[in-house]
Amino acid sequence: MLVYDLGGGTFDVTILRIAGAEFEVVATDGDRNLGGFDFDNALMNYLNDELKKQGAPDSFEDVSLMVQLREQAEDVKKSLSTVPATNAYVTIHGRSYRVPVNRGIFDAQIAGLLRRTEEILEDVLQEAQLTWAHIDKVLLVGGSTRMPAVRQMLEKVTGKTPELGVNPDEAVALGAAIQAALESEPEEETIGFIGGRTAVEGLLGGPVRVKDVTSQALGAIVFEHNTDEKINIIIIPRNSEVPAKHSRKVCTRYDYQESILVTVTQGDDEDPEFVTIVGKGVLDMPIKYPKGAPLEYIYKYDVDQIINVEVIDLTANISLGTFQIDRVANLTQEQVEKANYKIGSMMIM
């Protein structure tokens, strides 16, 4: 199964193997800077150009006008999901303007954005070493998948009609609820009207097993050999099965270096400007060597999205120490307790 998830601000593609109650993530990728917001922007640009042709001022030069234009763009986008044509109505300095928009016009504005999602689709399929013949179903997730152009593109690319039996606005919430039920303790299984692991496994016909992969590569920033240029090296590749353990050999940069700074990154690009730094750790070097002394970075990544880093002195064959990075997306213990309190006080109807 291929899951095409186009939300308000991000885009993700995941290929899964499903056998009964066993779920295996084969490959995943996405674009954290692509979502429904960008489709609204594309339509806003068109509406603004059309309004200027009618004598209206540039809406992007006035915050209040820009807010009004965004609201109209979003309304037009939603309307075009169910009707072939509609109008955008804007009032500027007491004068009313009307811009007609049909699906053909809208599709032309978003063609480049859809192409970006199509390229990621192809990349994930290649990463999984599969062809479209191996994909049995295509599942739509996220409100932005309601756009007819999305479904038409998917049918053209995959040769399959996307599944329409799951509400794209509710799919993520439903999945989170199921995961929470699977994590519940036996004594919590009868709280309210929600069953726990027993209920979910009864519905699916057996014990649930989920095999996940890393959605992005994890690496470190180092100096390229004999230069002053910093590069990002990948230690745990994207789509590695979780839990994962990988290592990479590096070397010291200075004579008689006293410590090692490990800068942990997330992302595939070699250029540090295009990856995200998720944490840093400093480890002392008890033995001082001339520059070029070999070291080994060992990364472990678990199902709780925690990164464990260890550095080995390969000359003395000793560990220089370890440190742990809790992923930014994870909640703190205090946040978890507050969330549990709020959920416990809710009445589920």
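Mentor: In this predicted model, a helix is a DSSP run of H or I with at least four residues, numbered from the N terminus. Helix α3 covers residues 103-127, and both R115 and E118 lie in α3.

Trainee: How far apart are R115 and E118 in that helix?

Mentor: R115 and E118 are three residues apart, about one turn of the helix.

Trainee: What makes the R115 and E118 pair a salt bridge?

Mentor: The rule asks for a side-chain nitrogen of Lys or Arg within 4 Å of a carboxyl oxygen of Asp or Glu. The closest N and O atoms of R115 and E118 are 2.8 Å apart, so the pair qualifies. R115 also forms a salt bridge with E119, at 3.6 Å. R115 and E119 are four residues apart in α3, about one helical turn.

Trainee: What makes D268 and R238 a salt bridge?

Mentor: Their closest N and O atoms are 3.4 Å apart, which is within the 4 Å limit. D268 lies in the loop between β11 and β12 and R238 in the loop between β9 and β10, so the pair ties together parts that are 30 residues apart in sequence. Salt bridges with shared partners join D29, E127, R238 and D268 into one network.

Trainee: How many salt bridges does the rule give?

Mentor: The count comes to 14.

Trainee: How do you know that D313 has no salt bridge?

Mentor: K288 is the nearest side chain of opposite charge, and K288 is 9.7 Å away. D313 is buried and lacks a salt bridge. D313 is placed in strand β14, residues 306-313.

Trainee: What does the side chain of D313 reach, then?

Mentor: The D313 side chain reaches the backbone nitrogen of T315 at 2.9 Å. A polar atom of the D313 side chain also lies 3.2 Å from the backbone nitrogen of A316. The limit for a polar contact is 3.5 Å, so both distances fall within that limit.

Trainee: Which residues gather in the patch of negative charge on the surface?

Mentor: The patch holds E224, E229, D269, E270, D271 and E273.

Trainee: Why is E229 called partly exposed?

Mentor: E229 has 46% relative accessibility, so E229 counts as partly exposed. Its place is the loop between β8 and β9.

Definitions and conventions:
Residues numbered from 1 in each chain as written. Predicted model: local features only at pLDDT ≥ 70, side-chain atom pairs only at ≥ 80, totals over all residues. Heavy atoms only, no water. Patch = residues over 30% accessible without salt bridge, like charges linked within 9 Å, V, L, I, M, F, W, Y side chains within 5 Å. Areas by Shrake-Rupley, 256 points an atom, 1.4 Å probe, with all protein chains shown as cover. Lys, Arg positive; Asp, Glu negative; His and termini not counted. Charge placed at Lys NZ, Arg CZ, Asp CG, Glu CD. Helix = DSSP H or I, 4+ residues; strand = E, 2+ residues; numbered from the N terminus. Buried < 20%, exposed > 50% of the residue type's maximum accessible area, 1.4 Å probe, protein only. Polar contact = N/O pair within 3.5 Å; in protein donor to acceptor, adjacent residues only side chain to side chain.
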